Amino acid sequence: MRIIKLEKKNLFPFLKIVSEDADLWAPVRKYKDRHVFSLIEDFSQIDLRYTRTIIPPRKIMLPSSLDMYTATEKRYDVNFSHVSKKILFGIHPCDIHGLLIMDRFYSQIFDDPYYSQARADTLILAHSCWPDEYCLCKSTHTHIVEEGYDLFFTDLEDYYLVWIGSSQGDDLIRAKPEFFDENLTDKDIQSFMDWGERRDKAFQTEINFAAMPDLMELKYTHPLWEKLGTACLACGSCTNVCPTCNCYNVTDNPVLNEEKSIITRQWDACTLESYSEVAGGENFREKRSDRLKLWYTHKLQAYVSKYGKPACVGCGRCLVTCPVDINVKTVGDALEGKDVDAFWNRLSREVTK
Amino acid sequence: MNEANKSLILNNPFIPEPARIVRTYYLTEDVKFFQVRIAKMEKALSFDYRPGQFAMISVLGAGEAPFSISSTPSRPGLLEFCIRKTGVVTNAIFRLKENDLIGLRGPYGNGFPIEKMINKDVLIVMGGLGAAPLRSVLLYSLDNRDLFGRVILLHGAKRPAEMIFREEFFSLKDRDDLECLLAVDGDDTGEWKEKIGVVTTLFPHLKEIEPSNTYAIVCGPPVMYKFVLKELVNLDIPKHQILMTLERRMKCGVGKCGHCAIDYIYTCLDGPVFTYWNVIHMRELI
């Protein structure tokens, strides 16, 4: 670990140099205040005044649809065309924690080469952030990072403090050392401390994650779940936007007039009805309430028992995405017994009005 | 095949091995038996598995699905499966003939805790297609007969024609080192000489069980579990010595696709064999 200083005007010139032989991905404004991670061709597209992207950065490692291999009867040809040298710039601490959870998940017991190869070729150049009313990351303690990045740029208005988190990160600095200042003054350190304190106070939303494993167990048959199930649209949006969701489906797609198939994996969601259906039509989770319960049990209880922390990084994406306000904040608060102001809680009143 | 492709296949748990169907025939109207050999000889002989594990089988153009291995590792070289025609993949498998190729990868899952079962009595309760995974542990215990105490088989089917491995199990009745009780819900042939009724009607015919020294193994249709588990608990067999093997939708077999998740567990990694105690609090179990 080493911390150095970079003048703001030198940020894009530096990025240009280090991304010469790599695909650069960075936040770009899609419409209004919605941003996406995009492959950058023109640096003016990059918009660092974003809070969260619509889809988390795991899409860069594992695209929503990925051809795994081509099969004939006698041979299999693997496809790793999604693997290329990439730089992911502008990612925030919550999303780094999301990737750290993915890293552990995809490498445990059986290593998933489609993820791990893409991940190994991706450098993480993170950027500091400022919370809005949906950010929950202080509650999950994912508002700061200790690992999982190569460089981390903390925006102190006039300049950046740059954390070097890996030897690959250090190699990037060595490409243009004259941009960086090794000497931090007491004033620089003080501005960073002040910035951290101001940011800590800017968080507006919190939930009691520590209580969740017990509450999930105690309220497993609570009527709350039926209420959520009634409102849930089973659209799968919460899964698409969650940095720790990883489920996928696999399909065999025959190539016409050739004795071969392309085997493709596509993002799937446990909130969709077909998800747990087995041959013969038996479905172990026909009810929406049961599927929602799986989603929340897995993130707020199962992960805690397996890894000691929840699979929620507090990014707030489910809060801004769910059309009927079913999200980790409203569900968490409701589990705690609070009266929650959310569409799903007002549903019977509003629909019968 | 270039070198890069070779190494990416080698470290890729998703890539199947071509395997050849050696024999196939109907066990019942909609269940077929498949004997399969992995095409590469060294891979066929090194395929090391435990009773209770499963494999992913794929058919070109149809897809891939998990199947319990019905053969026993005590008879290496050939793998056996009994498959019911229910969905896209199984329909495609049914169309295949002897000498046709399928894709196969595995073995996956935990399998039965054989080490813990050594010197214990083994009570196997199977209903319908539940015989598919349990035939492996049954044959294994018969091939290694000295390792176990009593071996007891209770097998139930709807009708005589629907009892899979009917002839095989009938021939086992002659062995004096196996207690074999068979039942059908109803006999439409008029020739059934064994018991009539659901599989639980066989329990009163059991010779006295020494519960603490017994491992019970159960597999069958969802409706069967509730009644069989009740009988086993009534016999005072400890819940952690009641083993069951579960079926779930699976797309990977290696803990990545998420489809087989139940509460805390992945059926493909933590299962498919669970003790009754493991799953007693899981409300969406069977």
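The model is predicted.

Confidence in chain B was examined next. The average pLDDT of chain B is 92, and 95% of the residues score at least 70. Among the elements of chain B, strand E2 (residues 31–38) of chain B has the highest mean pLDDT, at 97. The lowest mean, 67, belongs to helix H1 (residues 3–10) of chain B. For the complex, the predictor gives an ipTM of 0.88 and a pTM of 0.92.

The interface between the chains follows. In chain B, 37 residues are in contact with 39 residues of chain A. Three elements of chain B each supply at least two residues of the side that touches chain A: H1, strand E4 (63–68) and strand E6 (101–108). By class, the side of chain B that touches chain A holds 16 nonpolar, twelve polar and nine charged residues.

Chain A is likewise assigned two domains. Domain 1 of chain A covers 2–63 + 70–202, and domain 2 of chain A covers 209–352. Their centres, taken over C-alpha atoms, are separated by 27 Å. The contact joins 23 residues of domain 1 of chain A to 23 residues of domain 2 of chain A. On the side of domain 1 of chain A that touches domain 2 of chain A, E4, helix H3 (93–107) and helix H5 (137–140) of chain A each supply at least two residues. H3(A) gives the most to this side, with seven residues. The side comprises twelve nonpolar, seven polar and four charged residues.

E4 of chain A, which supplies residues to that domain contact, also belongs to a sheet. Four strands of chain A form this open sheet, in the order E5-E4-E12-E11. The pairing is antiparallel. Strand E5 (76–78) and strand E11 (248–255) of chain A are the edge strands, and each pairs on one side only. Neighbouring strands of the sheet are turned against each other by 25° on average, direction ignored. Strand E4 (residues 65–71) of chain A is joined to E5(A) by three bridges, and the two run antiparallel. Opposite A:Thr70 stands A:Asp77 in E5(A).

Helix H9 (residues 224–231) of chain A and helix H11 (residues 288–307) of chain A have axes that come within 8 Å. The axes cross at roughly 110°. With angles of 65 to 115 degrees counted as roughly perpendicular, H9(A) and H11(A) are therefore roughly perpendicular to each other. From H9(A), the contact takes A:Trp225, A:Glu226, A:Leu228 and A:Gly229. These meet A:Arg288, A:Ser289, A:Leu292 and A:Lys293 in H11(A). By class, the contact of H9(A) with H11(A) has three nonpolar, two polar and three charged residues.

Key: Residues are numbered from 1 along each chain as its sequence is written. Chains are lettered from A and ligands numbered from 1 in the order in which they are written. This is a predicted model: local features need pLDDT of at least 70, side-chain atom pairs count only at pLDDT 80 or more; totals for chains, interfaces and linings use all residues. pLDDT is the predictor's confidence in each residue, from 0 to 100. Two residues are in contact if their C-beta atoms, placed from the backbone, lie within 7 Å. Ala, Val, Leu, Ile, Met, Phe, Trp, Tyr, Cys and Pro count as nonpolar, Asp, Glu, Lys and Arg as charged, and the others, Gly among them, as polar. Two strands pair if DSSP finds at least two bridges between them. Axes are lines fitted to C-alpha atoms, for helices over the stretch in contact, and angles run from 0 to 180 degrees between N-to-C directions. Angles under 35 degrees count as roughly parallel, over 145 as roughly antiparallel, 65 to 115 as roughly perpendicular and the rest as oblique. Domain bounds come from an automatic or database domain assignment.
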